[in-house]
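I opened the notebook to record, entry by entry, what I looked up and how each term was meant.

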Amino acid sequence: MLSADRADVLADEWLLVRHSGEIPEIAFHSALHYLTEDRDGPRLWLTKEEIDLLLEAASARYQEIIFRDLCYENRKLGVYRGLKRAISNWNRFLAFRQRRGHTNDPAVQVKVAQELLALLQIVAEKESSFRDDNQWLPLIFNCTGDELIGFSCVLGIPVEKVPDSILRLCHP
């Protein structure tokens, strides 16, 4: 395969991984399979750098869907899944990177923590005005209080930064 063809096929697979659905790890492994083993694929020997590009595409997609579900403004979108999904995707993201031999990126952890704190602050500040908007609260806080506390702790957020009023919004 010519190098231009190689670059094109890798770019196509990168796009598929980067813009994959809810579980980027599946897209990552599908791309690896197609590129290296599939009878109908190009059967390439990928370099570490090429594999890392696909890994970073999957990591970026994980971050995108985590941030989507931590963003208050997204609560009315059909793709919004709430805190429970953000927590699940954070755990999947960490496990995926660990299985691939990569550690957690502290900068990403800080950004996720900031996004969670921003969500908690918005809801805490608007709590008294939620009479008209309270239909969205069960969708946002679709995790248990323990899950929210655990997520906060993993992100390095002190427990006291999670208001009791927020914990009461969580599922029992």
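I began by writing down that contact means heavy atoms within 4.5 Å, and that helices are DSSP runs (H or I, at least four residues) numbered from the N terminus. This is a predicted model, in which local features need pLDDT of at least 70 and side-chain atom pairs count only at pLDDT 80 or more, while totals for chains, interfaces and linings use all residues. Residues are numbered from 1 along each chain as its sequence is written, and side-chain values use heavy atoms, with hydrogens and water left out.

Entry on helix 2. I looked up which of its residues are buried (under 20% relative accessible area, with a 1.4 Å probe and protein chains only; exposed is over 50%, partly exposed in between), and found Pro24, Glu25, Ala27, Phe28, Ala31, Leu32 and Leu35. Seen down the axis of helix 2, these fall within an arc of 160 degrees, so they line one face of the helix; the arc is that of the directions from the helix axis to the C-beta atoms. The buried residues of helix 2 pack against helix 1 (3-18), helix 3 (48-70) and helix 4 (82-99).

Entry on Phe141. Leaving aside neighbours within four places in sequence, I found Phe141 in contact with Leu83, Leu120, Val123, Ile166, Leu169, Cys170 and His171.

Entry on Arg43. I located Arg43 in the loop between helix 2 and helix 3, and noted that Arg43 has a positive phi of about 50 degrees although it is not a glycine. Arg43 counts as partly exposed because its relative accessibility is 48%.

Notes: Helix = DSSP H or I, 4+ residues; strand = E, 2+ residues; numbered from the N terminus.
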